[in-house]
Amino acid sequence: MSINESASTISNLILLVFLVGIPVYGALKGVKVYETFVEGAKQGFDIAVNIIPYLVAILVAVGMFRSSGAMDILTSFIPSSLKDLGITSDIVALALTRPLSGAASLGILGEIVSSHGADSYQAKLGSVILGSTETTLYVVAVYFGAVSITKTKYAIHAGLVADLIGVIASVTVCRIIFG
Amino acid sequence: MLNLIWLGLLVFSAITALLTGNLKQLVNSVPDSAMNAFKLSLGLTGIMALWLGIMRIAEKSGLTEKLSLMIAPLMVRIFPGVPRGHPAIASMASNLIANMFGLNNAATPFGIKAMKDLETLNSAKGSATHAMCMFLALNTSSLQLVPFGAIALLAAGGSKDPTIIIFPAIIATSFSTISAFCIARIMSRMKRYQD
């Protein structure tokens, strides 16, 4: 079994633990699992509809950036050693947008998916990056704002360095599994 | 910030297109992109609904609450400045578990309560405590185990195996969380961050 197939199997097993394990646990605890599932799932459509304006804004802007040739120009400045690792300018844009906005970075991943294809290396790498980083600046603003703290000390540094390590780990893991 | 980046993308693209002669491609890309954005958004619905449904069961069955209680002893070790049994331990644990499951709507109120609980231990008002910095470092390192937003997007884009990213994402996110912990711990000992 190749490393790609093993990753797929492990991923599927983890998904099953959530998908089957949680309803079984719920049923054992006396939860009406079907009704509860439906009640929670109703929010799914709202989330998808709410995200439309963000995706339109980002996909149009990044799409223009790509079709104008600006993306290629930007990519030509990226050292070829990084390009060999699959770090193209759209991946860089994703990593840079991620700490600022969750919806905007999801939009950039959407653009990567629609221009490179959903099974492309870039789409997988982008997804793993999105999954291992956080909207650091937004979270810090909300949480420190709630208790009116202005001297944030090292919270932002630690969060941003963790995001950078998340990106490096994503590139490494994707290289090993999907490379 | 995003206002500036967005405007910059539009203006820079237009100028580049004029210089490179890609004006036609640029204009043609606009309706395609807008259409794709709509299709992708609607395509997210199925997996979003599925995941939110499962997670509602996790919440209602008390599973997330139980896991929060289970990690409480660990919390005391991660946050040495917070006394055992302090309300901040419970609110932080609830927030971290909600984040692991991707329950963003539940995580934020717990997180704000955690910050208020931590503030009661703060002797220098307006200045962050070590526990606050550690809590935010963990929060901003991404704790979510299954990145269902990205999976939904891959599925909406027609991927053959959108869930394949679960395992690599868990490994990468473990690295970022462990390093956030280490960095915050190391920085908490630095002289410049002592009160």
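Predicted model: local features only at pLDDT ≥ 70, side-chain atom pairs only at ≥ 80, totals over all residues.
The lining of the second largest pocket divides into 18 nonpolar, 5 polar and 1 charged residues. Helix α1(B) provides the largest share, with 7 residues.

The largest pocket holds about 1,400 Å³ of space. Of the 40 residues that line this pocket, I47(A), G102(A), G102(B), N104(B) and N105(B) lie nearest its centre. Two or more lining residues come from each of α3, α7, α8 and α9 of chain A and from each of α2 (23–60), α5 (104–119) and α7 (148–156) of chain B. Here the largest share is that of α3(A), which gives 6 residues. Sorted by class, the lining of the largest pocket comprises 19 nonpolar, 16 polar and 5 charged residues.

The search finds 1 cavity of 30 Å³ or more, and the volume of the largest cavity is about 30 Å³. The residues around the largest cavity are E134(A), N99(B), N104(B), N139(B), L143(B) and Q144(B). By class, this lining has 1 nonpolar, 4 polar and 1 charged residues.

The discussion now turns to the interface between the two chains. In chain A, 94 residues are in contact with 99 residues of chain B. The size of an interface is often expressed as the accessible area lost when the parts come together. For chain A and chain B, the buried area is about 8,100 Å², and carbon and sulfur atoms give 77% of that area. On the side of chain A, the residues that lose the most area to chain B are Y143(A), K153(A) and Y154(A), which together account for 10% of what that side buries.

Polar contacts also link the chains, with a count of 23 residue pairs between chain A and chain B. The side of chain A that touches chain B receives two or more residues from each of α1 (3–28), α2 (33–41), α3 (43–67), α4 (70–76), α7 (102–116), α8 (121–132), α9 (136–146) and α10 (155–178) of chain A. Helix α3(A) gives the most to this side, namely 19 residues. By class, the side of chain A that touches chain B contains 57 nonpolar, 29 polar and 8 charged residues.

Charged side chains remain to be considered. Side chains of opposite charge can pair when their charged atoms come close. Across the interface of chain A and chain B, 3 salt bridges are found. One salt bridge joins the side chains of R56(B) and E39(A), with 2.3 Å from N to O.

Over all chains, the structure holds 8 salt bridges. Within chain A, the side chains of R66(A) and E111(A) form a salt bridge of 2.7 Å, N to O. R66(A) belongs to helix α3 of chain A and E111(A) to helix α7 of chain A, so this pair ties together parts that lie 45 residues apart in sequence.

Conventions: Residues numbered from 1 in each chain as written. Chains lettered and ligands numbered in written order. Heavy atoms only, no water. Contact = heavy atoms within 4.5 Å. Buried area = accessible area lost by both parts, 1.4 Å probe. Salt bridge = Lys/Arg side-chain N within 4 Å of Asp/Glu carboxyl O. Polar contact = N/O pair within 3.5 Å; in protein donor to acceptor, adjacent residues only side chain to side chain. Helix = DSSP H or I, 4+ residues; strand = E, 2+ residues; numbered from the N terminus. Nonpolar A, V, L, I, M, F, W, Y, C, P; charged D, E, K, R; others polar. 1 Å grid on protein atoms, 1.4 Å probe; cavity = no way out; pocket = protein on both sides within 12 Å on 5 of 7 lines; lining within 4 Å. Points joined across faces, edges and corners; volume = space filled by probe spheres on them.
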